[in-house]
Amino acid sequence: MADTVSKKVLMGGEFLIKDSQPEDIFIPEEWNEEQQMIRQTVIDFVEQMGNKGKKIENQVELMTQAGELGFLGCHIPDEYGGMLLDTNTVTMICEYIGGTYGGFSTSFAAHTGIGMLPILYFGSEELRNKYLPDLSNGIKFAAYCLTEPGSGSDALAAKTRADLTDDGNAYILNGQKMWISNAGFAHVFIVFAQVEGDKFTGFVVEADSEGISLGAEEDKMGIKGSSTRQVFFENVKVPKENILGEIGKGHLIAFNVLNIGRFKLGALTIGGCKMATNASIKYANERKQFKQPISNFGAIQHKLGEQAIRTFVLESSVYRLSDMLKDRKDNLVAEGKSYSDALLQAAEEYAVECALLKVYGSEAADFTIDEAVQIHGGYGFSEEYMVAGAYRDARINRIYEGTNEINRILSVSMLLKKAMKGQIDIVGPAWAVQKELASLPSNDISEGKYGQEKKAVKDFKKMLLMVAGYIAKEQMDGKLNLKEEQEILMNVSDMMMDCFNAESVLLRVEKISNMDGKVFQTAHDAILQTFIYDATARMVKSATDALASCAEGDMLNILLNGVKRFSKYPAKNVKQFRRKIAAYLISQNEYTL
Ligand SMILES: Cc1cc2nc3c(=O)[nH]c(=O)nc-3n(C[C@H](O)[C@H](O)[C@H](O)COP(=O)(O)OP(=O)(O)OC[C@H]3O[C@@H](n4cnc5c(N)ncnc54)[C@H](O)[C@@H]3O)c2cc1C
């Protein structure tokens with residue numbers, strides 16, 4: 001089933017300067033019958049898996065089953081042995097796999113994402129035909145070898161060498177890779193090495209090649225079921241046909257594959273958030289203290305409400321972005337690009353959004369799981385309950401696929417780079433905001449049910465454009481060197497995240513409110529309003545911190561007045577809203593929003 005719809009879509013970063021409508025986005029309430037059937041298959045797979053994913057020795061069996069069910073090749077075209085489902089269905093499969101325990105989701109993501117995609121995107125036709133069918137069907141597994149003991153975030157500083165043989169037919173690899181997921185059972189390694197000393201290049205290397213050896217399994221804090229080992233290369237001969245892309249262009253592979261890897265991680269974390277929220281609701285309903293279920297208490301309802309808000313917001317943003325990736329890819333295919341080039345370029349287009357959702361998803365999962373432990377009290381600290389393990393498992397998400405610090409910094413620098421290249425005009429809109437600041441404030445509220453929220457989202461974007469416009473101008477005038485101002489970049493990144501999330505949740509709730517009444521719950525309105533209310537406070541804090549870090553005197557006062565002007569969302573009874581959300585979840589005894 002290939003994607004067929006072609007519609008006008010926002011380009012990367014444009015969410016900051018253009019408005020979207022509910023009909024522009026996909027929401028999970030719109031799954032069609034076929035997608036619902038696939039969803040049930042994933043749910044059944046995850047349920048029958050139970051705790052098996054916690055053990056390394058079970059990974060091959062589980063991955064083989066996933067391959068037989070088509071989950072490993074769901075993003076791979078038929079000609080390479082996959083079943084090419086539409087992008088949103090692939091996202092949904094990731095979501096449910098993300099709800100598994102103990103490390104299976106890492107095995108799955110390392111194989112299907114960073115393991116297989118370099119071959120699909122950059123492999124020759126021969127490499128694709130040789131490797132992708134077995135990798136799609138769970139007959140062989142892949143691992144991705146980028147990190148080294150001395151190079152993690154600074155991946156291009158890798159020291160592993162690849163030297164051409166005298167006959168010119170092969171390369172000899174020497175070096176050491178670190179923290180390699182799936183290393184213990186993978187048949188195929190994607191390896192990055194320096195050709196002629198400094199030409200960073202990707203290779204496909206078979207795991208049984210002479211000269212490859214593995215370190216012991218790492219003794220990790222969490223995801224103990226996933227295999228993580230060092231990989232050593234000692235005079236490993238690799239045919240030159242196994243080069244991915246071009247010599248010296250390995251950075252394109254490493255970074256582009258990470259774009260989609262980050263998006264997938266965002267999708268996987270929805271599963272983690274839902275799993276934790278479900279466990280919390282059920283436990284809070286069962287556990288009695290002071291002669292009543294603890295779900296009766298306001299402090300617990302606050303937690304359940306907040307878990308649901310972050311889960312719902314993450315899900316809204318991930319499926320919105322999934323649909324943008326899908327539409328962009330379809331448009332590129334319609335323009336004559338191959339499927340793999342279209343997929344690659346779509347992910348590159350939305351690199352900013354992918355980085356933002358990786359950060360938000362990993363932090364939302366940490367939050368919901370941490371609160372799940374708290375709701376379980378002392379039992380949450382016991383391995384008898386799955387939340388203890390989930391707490392440790394979730395922690396890795398903020399570290400791999402680029403740490404959250406790197407992703408925050410990247411999201412802003414990539415946006416500014418796009419602006420410098422003329423790919424997106426943020427100067428014009430930022431200038432319009434400056435002009436607006438010189439005029440009298442208008443208290444116009446958009447018409448309709450969500451008028452206040454629509455105005456708040458518009459104002460968030462204005463506040464962000466004001467801050468981003470100011471720092472970009474200071475940079476251009478040579479008064480600020482943003483490379484040395486990471487704290488400001490992190491503030492701006494947090495604002496971008498709130499802008500994307502706030503609009504995504506607004507559009508989703510508005511769309512649901514127009515659907516049949518069974519789908520819409522008052523909890524949806526409560527989620528929207530509570531999120532916007534909290535986001536307003538976060539936006540004010542981030543903007544003020546950023547501005548006070550680089551502006552002074554009258555200029556700072558003008559800008560801070562702008563912050564006030566663009567943060568007029570009224571105070572709301574968020575206590576009551578969270579109670580309303582919790583009451584709904586408690587009545588359902590599970591997360592059904
Ligand atoms: C369980 C697990 C599985 C993994 N799987 C794989 C895999 O399959 N393949 C693979 O290639 N790698 C894998 N990794 C490696 C992972 O991607 C790296 O650990 C990660 O990129 C961070 O690199 P590092 O550990 O060297 O930390 P460092 O880069 O040393 O970072 C340390 C700290 O400094 C910060 N920092 C670093 N540079 C900057 C900067 N410029 N500005 C601001 N802050 C900075 C970081 O954010 C972090 O907080 C895995 C790691 C783990 C733990």
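**View 1. Contacts of Val467 in the predicted model.** Setting aside residues within four places in sequence, Val467 is in contact with Val492, Met495, Ala543, Ala546 and Leu547. Val467 also belongs to the largest nonpolar core, where it is one of the residues that touch the most other members.

**View 2. The largest nonpolar core.** This core holds 183 residues. Besides Val467, the members that touch the most others are Cys145, Phe203, Leu464, Ile527 and Ile581. Helix H7, residues 250–286, supplies the largest share of the core, with 17 residues.

**View 3. The shell around the ligand.** The shell is made of 20 residues, and those that come nearest to the ligand are Leu146, Gly152, Ser153, Ser181 and Thr403. Sorted by class, the shell contains 11 nonpolar, 7 polar and 2 charged residues.

View 4. Strand E3 gives the most, with 3 residues.

**View 5. Domain 1 and domain 4.** The chain is divided into domain 1 (14–141), domain 2 (143–244), domain 3 (250–405) and domain 4 (425–588). The centres of domain 1 and domain 4, taken over C-alpha atoms, are 34 Å apart. Where these two domains meet, 8 residues of domain 1 are in contact with 17 residues of domain 4. On the domain 1 side, the touching residues are 6 nonpolar, 1 polar and 1 charged.

How values were computed:
Residues are numbered from 1 along each chain as its sequence is written. This is a predicted model: local features need pLDDT of at least 70, side-chain atom pairs count only at pLDDT 80 or more; totals for chains, interfaces and linings use all residues. A residue is near a molecule or strand if its C-beta atom, placed from the backbone, lies within 6 Å of it. Helices (H or I, at least four residues) and strands (E, at least two) are DSSP runs, numbered from the N terminus. Ala, Val, Leu, Ile, Met, Phe, Trp, Tyr, Cys and Pro count as nonpolar, Asp, Glu, Lys and Arg as charged, and the others, Gly among them, as polar. A nonpolar core is a set of buried Ala, Val, Leu, Ile, Met, Phe, Trp, Tyr and Cys residues joined through C-beta atoms within 7 Å. A residue is buried if 20 or more other C-beta atoms lie within 10 Å of its own, exposed if 12 or fewer, and partly exposed in between; C-beta atoms are placed from the backbone. Two residues are in contact if their C-beta atoms, placed from the backbone, lie within 7 Å. Domain bounds come from an automatic or database domain assignment.
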